[in-house]
Amino acid sequence: MTPRDKIFYFLTIHRTGLSVCLLAVVLLAYPTLVANPYLLGISNLIAVYLIAVIGLNLFIGYAGQISLGHAAYLGLGAYGSALLTIHTGLNPWLAMALTALAVGLTSFLVAIPTLRLSGHYLAMATLGFNIVCYTIMMQWNQVTGGPSGLAGIPPLSVAGLPIDDEMRFHYLAWTLAIIVLTLGLNLARSSLGLALAAVAQNETAAASLGIQVVRAKIRIFVLSAVLASLAGSLFAHCYTFINPDSFTIFNSIELVTMVVIGGLGSIWGSLLGASLIILLPEFLHFFETFRDIIHGLIVVTVLILLPQGLVSGLKDLLRVRSLMSKKNAQN
Amino acid sequence: MLKIDGISKHFGGLPALEEVSFNCREGMTTALIGPNGAGKSTLINCIAGSLFPDAGVIHFQNQRIDGLPPHQRPYLGISRTFQNLALFPRLTVLENVLTGLTPEAEQSFVKSLLRLPATRHRERLLRLKAMAMLDNFGLTDKARWPVSILSYGDRKRVEMARALVSGPRLLLLDEPVAGLNSAETARIGAEIRRLHGAGLTILLVEHDMDLVMSVSDHIVVLDGGRLIASGAPEEIRTNPRVIEAYLGRMSVTA
């Protein structure tokens, strides 16, 4: 191999790791280039959502299931962490971890009956769970503060430094988001990721090869709920204020939109999907009123034109093209 | 090696299998034949665990396996292929074959998330093993192709490769040449003979009589859910009950 080939080979086999490093470098420099707190606030929100979207993408994109209720886990994470810190004065990090544990357990209990369902039925069951959680948040005034929510949630702190401005939160949220992104990429490339993809595409065949179909689905569902819970807690401690409006079924659908647009089963696609959907209202100011309609239009357009989403769809398109041209060249 | 003992299966009131018993001997290729609706697929699904028999027992290497869920079969050394192909269309050829190595793959969630060097090393070994299997089937060039762009014959061979990569002791082949042309059929036939030569125990469900006669040591004939004959290929070929089942009563008496 010539030195040039060597470099190319190195880039090829380490492309995932290098891409993550590149992203980390860009994000490290980002606040020094963009000192505007408003813009930082937007990118912070992307980081928070990204954590939940990666989990949901593993569940929808890899395991081929559907959840229209993930905002519920986001909400449980936010309320759990907020209530623990407000009422018991617990360290926010500890509260986050305890909440994630409890949400993991809850999602496990929810998963046992619901993951026996599939398709529309599963969609309805998860949607129902979201409505139940939302109703509790709205109605149980004494605990959840009802429609006005909870205020005065203490911020997270790192090494005695409170994370109370956009710049600090940028570093914290993106550090966590990149860790989750890396873990997601790892899982997707592992044998377990392959097993999940197999479950999504043919359950009978997957089982005949030794894959425990139900167990695989439950595990990935619990992982996605735990990630949503962490994102929710982060959201609560970042904004120090939460109310039920952030955790409705429309937020769940928004999460699914992010997954679908970026690409089912594409971890990088999650980054693109979360970014696009959060940035969109900034470009289209009339957006707020027609938000759900526009989301619907986007999903339908993507599903018709590029059913695997932007990232996976374009990747597949290029891959098949290059294979075909090689095949033609051989003939 | 595989003992089928008094298996019955009913769907609603309809009997699909009635007290079927036979053995697959180690290292032998046993063919299961019979007209459409004879219960062949039901029986192979009972052996593979996707259906539970209503009565009867199945032993594999002296272990009772009826009632065990399908995902335990590969761990015992039983692999199968499917009548109408059950590949993962959006995965590549290599990835499809890799799923056949599930019993040897990393099962720990945490280790998969962390992708430690040991896990990577293990995955590299599995990949090499899968590539070697693709080489046996002449699929090396297509390793990175998504299965969905392959020809039907290639897909059949990917499925065989996936079933064989874990090194099973018993292979269940459910109509491996259905829908293939004669050249492709000959290729699969040669592959079955090679596996037989390597000492693998095979249970073959097939309609193609030329293939069945040329590869089997032992043939079991089902008709209407009952076992009507079993024996060596030459015995089956001349057995009047078998001829009757296939050609109808009239042609025998005529």
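I call a residue buried at under 20% relative accessible area, exposed at over 50% and partly exposed in between, with a 1.4 Å probe and protein chains only as cover. By that rule B:Asp174, at 3% relative accessibility, counts as buried.

**Ground rules**

This is a predicted model, so I kept in mind that local features need pLDDT of at least 70 and side-chain atom pairs count only at pLDDT 80 or more, while totals for chains, interfaces and linings use all residues. Residues are numbered from 1 along each chain as its sequence is written, chains are lettered from A and ligands numbered from 1 in the order in which they are written, and side-chain values use heavy atoms, with hydrogens and water left out.

I began with charge pairs. Side chains of opposite charge can pair when their charged atoms come close. A salt bridge here is a side-chain nitrogen of Lys or Arg within 4 Å of a carboxyl oxygen of Asp or Glu, and I get 13 of them over all chains.

B:Asp174 pairs with B:Arg80 at 3.8 Å, N to O. B:Asp174 is in strand S7 (residues 170–174) and B:Arg80 in strand S6 (residues 78–80) of chain B, so this bridge ties together parts 94 residues apart in sequence. (Helices are DSSP runs of H or I with at least four residues, strands runs of E with at least two, numbered from the N terminus.) B:Arg80 is buried too, with a relative accessible area of 8%.

I then looked at what else B:Arg80 touches, and found it over the face of B:Phe82, at 4.0 Å from the ring centre. (The rule for a charge over a ring: NZ of Lys or CZ of Arg within 6 Å of the ring centre and within 35 degrees of the ring normal.)

Next came B:Arg157 and B:Asp154, whose closest N and O atoms are 2.5 Å apart in their salt bridge. Both B:Arg157 and B:Asp154 are buried. They sit three residues apart in helix H6 (residues 152–164) of chain B, which means about one helical turn between them.

B:Arg194 and B:Glu191 form another salt bridge, at 2.6 Å, N to O. These two are also separated by about one helical turn, because they are three residues apart in helix H7 (residues 182–197) of chain B. B:Glu191 is buried at 10% relative accessibility, whereas B:Arg194 is partly exposed at 41%. Shared partners also join B:Lys142, B:Asp154 and B:Arg157 into one salt-bridge network. B:Lys142 has a ring contact as well, lying over the face of B:Trp145 at 5.9 Å from the ring centre.

**Aromatic pairs in chain A**

Which rings pair up? I counted rings of Phe, Tyr and Trp (its six-membered ring) with centres within 6.5 Å, calling planes under 30 degrees apart stacked, over 60 edge-to-face and the rest tilted. That gives six aromatic pairs over all chains. In one of them, A:Tyr73 and A:Phe221 have ring centres 5.8 Å apart and planes at 85°, so the pair is edge-to-face. A:Tyr73 is in helix H4 (residues 70–88) and A:Phe221 in helix H11 (residues 213–239) of chain A, so parts 148 residues apart in sequence are tied together. Both A:Tyr73 and A:Phe221 are buried, and together with A:Phe59 and A:Phe129 they make one aromatic cluster.
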